[in-house]
Amino acid sequence: MESAFPTAARLGLHVPLYSSLLLNALFLVHHFLSAPPAPSPLLSKANNGGGGGGALSWALRAAREAESVAKAGCSGHGRVFLDGIVGEDGRPGCECNTCFEGPDCSARTPDCTVDADRGDPMFLEPYWMRHAEASAVVVSGWHRMSYRATDGLFQSVELERCIRRLHRAVGNAVADDKQIVFATGSMQLINALVYALSPDSNSGSTANVVATTPYYPAYRTQIVLFDSREYKWAGNTSMWAKASGNSTTKEDVIEFVTSPNNPDALLHQPVVVGSSAILDHAYFWPHFTHIPAPSDADVMLFTTSKLSGHASSRFGWALIRDEKVAKRVNDYIMQNTMGVSRDTQLRMLAIFKTILANLHGKEDIFAFGHDVMRAKWRKLSAVVSRSRRISLQNIPPQYCTYFDKIRDPSPAYAWVKCEREEDSDCSDVLLKAKIITRSGVWNDASSRYTRISLIKSQDDFDLLLERITEFVDAELTAAGSNSM
């Protein structure tokens, strides 16, 4: 039976209905597309005193101050920091890079001497500026005020998990079967590990601490400074390497093995058979060296200063197989500093999470760092290759398990040798060329060697390259004049 309403009348009723449904759909689409992203689980659980529902309250001022300071460009040759010296305007001013000056760091210091001495890892600063949001941390005034942290521990459980994850992902160390002990930088671990590996004070024995030349000088200076009855500095490994001819036992020798080595960037293994070896892997990351295989030594130490560039945070850690040794190291840390700053651990947690989130992606810190350091090494090598007066260490391209390919060298330091007989003090030779370096004497090596740091800022490297080029050009000019 046909409807009593004509077709046109039925259509007239349907049009408003369809229009209403379409309008509602448009409202829903607009609502979801224009709504802000969902807050993180942490923000969504904010308590009543913290601006619940994910809204910011007390953190706003801190965030605004941090962003305001970060925007200051300083002409690209400096930075403004929240804790910088406050000027008459009530705001901190620019802190200029070496050889730059002025209120905005725009002026080049005339006839400036370049500082290529310090191992200040500023080459990674641009990476973290690109990851400002992911790596930022806002700390409340009441954050971790207690000496202890989670479950009464002095170490962040989450940070420890991140460290183990990073070692697994990078493949530079076996960490899952070892204890992790945090420290205030790897510098604190040097003496802590020697203490832990030394004979008990009641044994009457004294451990001999050694390293292979050229070695990191802090090993020697710390042992001499602390002047313990349980251990002493015994110099180069050469006199201990041969088992015959001396009466040492396994407990007698503690050997520091820096790999890659500081200053020459070469990979090393223990030399003294049967020694208690401490593997210093500060630079054993893919932006500085190839990773041939995971290190699985009994004792290894690492630091974020060379991993991420955060030297000022003073955070390091040791991987230790033996629980008794780990306990002694931890006891030392507790007696010395009562653990590591909880503020530092919080910042490092954000840094490690950012690194982990970008591994093998476009923003991989190791790919970024390797590209920067490789470019520096290529440019420096190209200039020095023209000289017969100075030379660099030879580092061949090698296969890296992390990148799964042959990688070009990208060392943290250039180990420079002065080739002329009359240039017996290489550091002084380069100082006359307005380049400050670190003499090989510090590394118990010949004064014919000196170390040039490549891990500082791009400004520092550009100025270094300028001075090295002037030095080599002057050599070639003099050689040309003498041949006439």
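User: What percentage of the residues of the chain count as buried?
Analyst: This is a predicted model, in which local features need pLDDT of at least 70, side-chain atom pairs count only at pLDDT 80 or more, and totals for chains, interfaces and linings use all residues. Residues are numbered from 1 along each chain as its sequence is written, and side-chain values use heavy atoms, with hydrogens and water left out. Buried means under 20% relative accessible area, exposed over 50%, and partly exposed in between, with a 1.4 Å probe and protein chains only. Of the 484 residues of the chain, the buried share is 43%.

User: How many helices and strands are there in the chain?
Analyst: Helices (H or I, at least four residues) and strands (E, at least two) are taken as DSSP runs, numbered from the N terminus. On that basis the chain has 14 helices and 19 strands.

User: What share of the contacts with a separation of 6 or more comes from residues 24 or more positions apart?
Analyst: A contact here means heavy atoms within 4.5 Å. Among contacts in the chain with a separation of 6 or more, residues 24 or more positions apart account for 68%.

User: How many salt bridges does a search of the whole structure find?
Analyst: Side chains of opposite charge can pair when their charged atoms come close. The criterion is a side-chain nitrogen of Lys or Arg within 4 Å of a carboxyl oxygen of Asp or Glu. Applied to the whole structure, the search finds 25.

User: How many residues apart in sequence are the parts that Lys-434 and Asp-111 tie together?
Analyst: The closest N and O atoms of the Lys-434 and Asp-111 salt bridge are 3.4 Å apart. Lys-434 lies in the loop between α13 (426-431) and β17 (435-436), and Asp-111 in the loop between β4 (107-108) and β5 (114-115), so the pair ties together parts whose separation in sequence is 323 residues. Lys-434 is partly exposed at 28% relative accessible area, while Asp-111 is exposed at 58%. The separation asked for is thus stated as 323 residues.

User: Is Asp-115 buried or exposed?
Analyst: Asp-115 forms a salt bridge with Arg-118, at 3.2 Å from N to O. Arg-118 is partly exposed, with 39% relative accessibility. For Asp-115 the relative accessibility is 15%, and the residue counts as buried.

User: Which residues are linked with Asp-177 in a network of salt bridges?
Analyst: The network includes two further Asp residues, one Lys and one Arg. The partners linked with Asp-177 are Lys-178, Asp-296, Asp-298 and Arg-321.

User: What is the pairing of the bonded cysteines, numbered in sequence order?
Analyst: A disulfide is a covalent bond between the sulfur atoms of two cysteines, and is assigned here to a pair of cysteine sulfur atoms within 2.5 Å. The structure holds four, among them Cys-74 to Cys-94 at 2.1 Å and Cys-99 to Cys-112 at 1.9 Å. In sequence order, the pairing is 1-2, 3-5, 4-6, 7-8.

User: Is the disulfide of Cys-99 and Cys-112 left-handed or right-handed?
Analyst: Cys-99 is buried at 6% relative accessibility, and Cys-112 is buried at 10%. The torsion about their S-S bond is about -75 degrees, so the disulfide is left-handed.

User: What is the handedness of the link of Cys-418 and Cys-426?
Analyst: The sulfur atoms of Cys-418 and Cys-426 lie 2.2 Å apart, and both cysteines are buried. With 75 degrees about the S-S bond, the link is right-handed.
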